[in-house]
Amino acid sequence: MESGYPKKKEELTNAGNRISINLFYSNDFIELRASLSSVIFLQPTAAYSTEVNVNTRMSAFRRGTGGRSSFNGVVATVFGASGHLGSVLCNKLGNTGTQLVIPYRGDFYDVAPLKLCGDLGQIYFTPYNLKDEGSIRKALRHSNLVINLIGRDWETKNFSFDDIYVKGPKTIARIAKECGVERMIHVSALNANEHPEPLILKEGSKYLSAKWRGELAVQEEFPEAVIFRPSDIYGSEDRFITYYAAFWRRQGSWMPLWKKGEKTVKQPVFVSDLAQGILNAARNFDTNGQVYQAIGPKRYQLGELVDYLYRVMRKDKDWGYRRYDMRFDPLFSLKVLLTAKLPGWPFASLGWDKIERDHVTDCVDNSLPTLEDLGVSLTRIEDQAPWLLKPYRAHNYYDEDLGEFEKPAPPPVVA
């Protein structure tokens with residue numbers, strides 16, 4: 001039996017997907033190399049199947065045409081998959097044949113519905129804790145892509161903003177490098193700033209400051225990481241449109257906003273657009289090291305936008321809706337203060353840091369690419385708001401006649 005260099009070499013290259021497979025074989029061994037995994041050795045001369053040394057990275061076993069029942073060669077660990085953005089992104093990843101590893105904390109049944117995002121054997125779950133490096137390493141050891149979507153709108157006694165947005169992402173990035181993960185995508189925030197301009201709080205938003213430091217921490221540990229900076233994200237079960245529709249955000253039928261919302265400009269992005277941008281970036285290796293701004297197609301004055309949302313809900317002046325300056329309402333300030341002290345999930349996510357960043361104008365850096373540079377067709381909020389706000393409409397069970405209610409006028413666009 002001969003040994004040494006192989007007698008024959010066959011090479012299969014797919015430039016579009018950047019996968020190169022080299023097959024070397026002779027009489028005594030077969031060696032298969034794939035760019036998305038380490039070397040796999042098969043020894044056909046082994047007496048027992050248990051003696052075959054196969055690398056545990058599954059990314060080499062690409063199969064199918066790229067649909068839900070295929071395997072596209074990407075094994076992605078998605079931290080924060082149970083959130084608003086995470087569930088939409090996992091669905092898009094699963095539909096393209098991505099194998100998903102979903103770390104979760106708390107009850108498994110909170111993430112169990114994500115099993116439907118992929119075909120049988122494509123979705124895996126593993127418990128983890130952001131402060132437990134062993135559980136993070138276990139979630140990353142078989143993956144070639146990691147996506148960090150972990151987030152929380154308020155601090156708790158167990159996790160501060162620094163824990164969630166700085167130490168946690170830094171740990172994930174470092175362990176990903178150690179485990180040989182090839183790519184990382186990290187979601188930050190559009191208005192992330194080392195020293196946010198204070199509006200209501202004396203020191204500005206701690207959330208935005210932590211997001212900025214988290215970006216730097218990820219880039220330090222994983223320089224090739226792709227970073228997304230989304231504006232306010234809206235969609236089903238979001239914390240933007242439904243946040244303003246919630247009764248606890250109002251004072252009766254009146255809406256308190258800082259300076260009536262007339263000094264704030266927002267450019268919200270649809271959750272499906274952002275998820276598609278992340279998916280496109282995951283497919284394109286040229287995005288490594290880039291920072292993308294995830295913004296919507298139009299800019300609106302916050303006050304006008306909230307007025308439009310209430311027109312869609314048929315809660316106009318006749319219903320009692322009125323927008324006013326929250327600076328002159330001590331009762332609303334007291335409600336926010338007391339809400340933050342209640343245990344558990346805050347009603348309507350109401351808290352001072354949330355209100356602070358709600359009134360920060362979205363600042364867009366024209367030198368940075370956006371979702372459109374990733375080939376995403378952006379969705380207008382006017383096309384989604386009627387459907388999203390239908391459960392919040394006044395007299396929701398009223399059997400209306402066709403054409404009885406006029407179509408709400410869209411909010412004016414800020415140049």
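## Helices across the sheet

Helix H1 (residues 84-95) lies across S5, S6, strand S8 (145-148) and strand S9 (183-187), and its direction is at about 160° to S6. Bear in mind as you look at it that this is a predicted model. Helix H4 (residues 206-221) lies across S9, strand S10 (226-230) and S15. The angle between H4 and S9 is about 175°.

## The sheet itself

The strands named above belong to an open sheet of seven strands, and the pairing is parallel. If you want to trace the sheet on screen, follow the order S7-S6-S5-S8-S9-S10-S15. S7 and strand S15 (291-294) are the edge strands, each pairing on one side only. On average, neighbouring strands here are turned by 20° against each other, direction ignored.

Strand S6 (residues 99-104) pairs with S7 in the parallel sense, over five bridges. Here Ile-102 stands opposite Phe-125 in S7. Phe-125 also belongs to an aromatic cluster, together with Tyr-104, Phe-108 and Tyr-109.

## Aromatic pairs

How many aromatic pairs does a search of the whole structure find? The search finds 15. One of them joins Phe-79 and Tyr-128, whose ring centres are 5.3 Å apart. Why is this pair edge-to-face? The planes of the two rings are at 70°, and over 60 degrees counts as edge-to-face.

A second pair worth a look is Tyr-243 with Tyr-244. Their ring centres lie 4.9 Å apart and their planes are at 70°, so this pair is edge-to-face as well. Tyr-243 has a relative accessible area of 3%, and since the limit for buried is under 20%, Tyr-243 is buried. Tyr-244 has 1% relative accessibility and therefore also counts as buried.

Key:
Residues are numbered from 1 along each chain as its sequence is written. This is a predicted model: local features need pLDDT of at least 70, side-chain atom pairs count only at pLDDT 80 or more; totals for chains, interfaces and linings use all residues. Side-chain values use heavy atoms; hydrogens and water are left out. Rings of Phe, Tyr and Trp (its six-membered ring) pair if their centres lie within 6.5 Å; planes under 30 degrees apart count as stacked, over 60 as edge-to-face and the rest as tilted. Buried means under 20% relative accessible area, exposed over 50%, partly exposed in between (1.4 Å probe, protein chains only). Two strands pair if DSSP finds at least two bridges between them. Helices (H or I, at least four residues) and strands (E, at least two) are DSSP runs, numbered from the N terminus. Axes are lines fitted to C-alpha atoms, for helices over the stretch in contact, and angles run from 0 to 180 degrees between N-to-C directions. Contact means heavy atoms within 4.5 Å.
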